[in-house]
Amino acid sequence: MWSIRDEWRKHRAFREVWVGYLLGAAYLLFSLIQYWRYGFPSSWFEIQQDIYLYGNTLTAFLIVMGLPRLMCCEQEYGTDHTIRVSEQGTFLVWRSKSLFAVGYCAAVVAVIGTVSLLFHGGLIGFRDALAPVSESQAFSGELPPLSNLTYCIVQYGFLFLGAVYFAGFVLLVAQITQRTTLTIFLCGGVYLALLGCAVVGRFSMQEIPQAFTWIGLPFLLLQSVNFAGFMAQQNFSHLFIRQWDDIWKPVVLVMLLIAAEFVVSWLLWKRKARK
């Protein structure tokens, strides 16, 4: 626990983190103002779109700005030799950084979700907040047996899983490059590229004649396992024919992918410690 607090102290000292916080707060405020300016939400179905409109992109931005130096600071500051001072130092430091990354994702999603739900729910006076879900963009079959407010919270839970998946990727890239700035640009570029792949995949399957739909299959395959798709909620429904009863399948899939990322991260960290 104390080691995680030490990681938090180091995190607070990173200049780019505060720049990211300020830009993220400005983007969230701008999104809320635009929502208010062009019309109040009239139903909880519209509030469900918050994640699609800005929640996932804002979360990805804060992860890219806040986590890369977590894995690079010892190398950049020349203090990496101190990790091996104690017998369990290598594992304890890696565990602290990994747990801090998960906690950081939880905090980011919790803040964005709380602000969004309070703001948009307050605009309609939280009318029908506890009523059963009557409409869902993600699921075309049986609707989730939840209240409107609970379903929105569950959506942010899905966003959290996607955020941890993306955070694992960021940590891996940071361990490989050992350069904070390079990691920020690489991970940000990959995230934007994956969003573009999703658009290309949908276009190729809808607009190209059926005989040539195979062109979009690589994009759809990539979309089915990438973190951008999970953060945008798409992979939690579209992978299994938009059925709520199958929601456990993408949840298990993304958890296995996260576990694989952290296993690889530990192997890389342990290998670097031996040098």
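L29, I33 and W36 make a nonpolar surface patch of about 320 Å²; patches gather residues with over 30% relative accessible area and no salt bridge, nonpolar side chains (Val, Leu, Ile, Met, Phe, Trp, Tyr) being joined within 5 Å and like charges within 9 Å. A salt bridge here puts a side-chain nitrogen of Lys or Arg within 4 Å of a carboxyl oxygen of Asp or Glu. Areas are Shrake-Rupley values with a 1.4 Å probe, and for residues only the protein chains shown count as cover. I33 sits in helix α2 (residues 15–37) and is partly exposed, at 41% relative accessible area (buried is under 20%, exposed over 50%, partly exposed in between).

The model is predicted, so to speak of local features takes pLDDT of at least 70 and side-chain atom pairs need 80 or more, while totals for chains, interfaces and linings use all residues. Numbering runs from 1 along each chain as its sequence is written, and side-chain values use heavy atoms, leaving out hydrogens and water.

As for the overall fold, the protein has eleven helices and zero strands (DSSP runs numbered from the N terminus: H or I of at least four residues, E of at least two). Of its 275 residues, 45% count as buried. The protein exposes about 14200 Å², with 69% supplied by carbon and sulfur atoms.

Terms used:
Buried means under 20% relative accessible area, exposed over 50%, partly exposed in between (1.4 Å probe, protein chains only).
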